[in-house]
Amino acid sequence: MEELRTARLVLHPIDDGDLDVVTRIHTDPELMRHIHAGVPHVPEQCRADLDAARAHWRRHGCGSFVVRLHDDSAVGMVGFNTPVWLPEALPGRDIGWTIFQAHQHHGYATEAARAAIDWFFLSSIGDRVVGIHNTDNPRSGAVMERIGMQWLLQTRHPDYGYPVEVWETTAPTPREDR
Ligand SMILES: CC(C)(COP(=O)(O)OP(=O)(O)OC[C@H]1O[C@@H](n2cnc3c(N)ncnc32)[C@H](O)[C@@H]1OP(=O)(O)O)[C@@H](O)C(=O)NCCC(=O)NCCS
């Protein structure tokens with residue numbers, strides 16, 4: 001697929017040249033604090049992480065986007081996965097976001113997520129997207145609320161036991177926000 005462009009951002013499907021971005025995110029303890037075990041990966045794991053993200057695109061027609069400013073500097077990643085680890089969230093894809101700390105608090109996660117959600121539904125990739133965040137990570141929930149997702153349920157992470165919130169949407173973001 002082609003890249004997605006917004007007022008400030010360019011989103012492109014993750015590709016083989018994005019190992020540096022994946023490694024910067026997945027080895028950062030603060031960025032990984034609220035994701036699954038909360039443990040950063042070692043650099044040696046990141047090639048497999050990148051390969052898995054690319055395989056998701058091939059298998060499901062959607063996946064992770066690397067998000068850059070118009071000057072080409074990377075600000076993070078936004079995109080789709082399949083929440084096989086949380087049966088209550090299935091069926092469908094889940095959307096997630098990670099923005100480098102230096103680029104947080106600028107609205108980039110929300111702007112990129114809107115573009116990704118709108119592309120997902122307007123291109124008929126699927127008919128449902130969920131969002132899942134740890135209860136103690138309300139900033140991620142705030143993104144879900146901003147892009148028009150509806151809170152669905154609270155449950156517990158099946159492997160780690162902490163509470164998680166599940167949101168969902170079945171439509172593009174509200175028109176006035178596009
Ligand atoms: C979750 C995460 C992506 C949120 O990032 P964020 O920068 O707060 O999210 P947004 O893009 O929605 O930005 C909103 C903030 O930008 C501000 N902002 C500034 N300019 C803005 C603009 N032009 N448009 C919108 N918001 C703007 C908003 O006021 C808001 O400020 P606040 O954080 O002080 O409330 C970030 O905390 C992160 O990467 N965390 C680590 C990874 C993670 O936990 N991911 C979620 C796993 S479920």
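This is a predicted model: local features need pLDDT of at least 70, side-chain atom pairs count only at pLDDT 80 or more; totals for chains, interfaces and linings use all residues.
**Surroundings of the ligand**

The shell around the ligand holds 20 residues, and those that come nearest are Gln 104, Gly 107, Ala 109, Thr 110 and Ser 140. Two or more residues of this shell are contributed by each of β5 (93–99), α4 (108–122) and α5 (138–146). By residue class, the shell around the ligand divides into seven nonpolar, 11 polar and two charged residues.

**Helix α4**

Helix α4, which gives two or more residues to the shell around the ligand, is largely enclosed by the rest of the structure, because 11 of its 15 residues are buried. The buried residues of α4 are Tyr 108, Ala 109, Thr 110, Glu 111, Ala 112, Ala 113, Arg 114, Ala 115, Ala 116, Ile 117 and Phe 120; among them, Ala 109 and Thr 110 also belong to the residues that come nearest to the ligand. The length of α4 agrees with expectation, because 15 residues at 1.5 Å a residue should span 21 Å, and the end C-alpha atoms of the helix are 21 Å apart. After α4 comes Ser 124, whose phi is positive, near 55°.

**Strands β1, β2 and β3**

Strand β2 pairs with β1 and also with β3, and the two pairings are set out below.

| Strand pair | Sense | Bridges | Residues standing opposite |
|---|---|---|---|
| β1 (residues 4–5) and β2 (residues 9–13) | antiparallel | two bridges | Arg 5 and Val 10 |
| β2 and β3 (residues 64–69) | antiparallel | five bridges | Leu 9 and Leu 69 |

The strands β1 and β2 form a hairpin, with three residues between them.

**Ser 64 in strand β3**

Ser 64 lies in strand β3, the strand that pairs in the antiparallel sense with β2. Pro 138, by contrast, is 74 residues from Ser 64 in sequence and 22 Å from Ser 64 in space, C-alpha to C-alpha.

How values were computed
Residues are numbered from 1 along each chain as its sequence is written. A residue is near a molecule or strand if its C-beta atom, placed from the backbone, lies within 6 Å of it. Helices (H or I, at least four residues) and strands (E, at least two) are DSSP runs, numbered from the N terminus. Ala, Val, Leu, Ile, Met, Phe, Trp, Tyr, Cys and Pro count as nonpolar, Asp, Glu, Lys and Arg as charged, and the others, Gly among them, as polar. The expected span of a helix is 1.5 Å times one less than its number of residues. A residue is buried if 20 or more other C-beta atoms lie within 10 Å of its own, exposed if 12 or fewer, and partly exposed in between; C-beta atoms are placed from the backbone. Two strands pair if DSSP finds at least two bridges between them.
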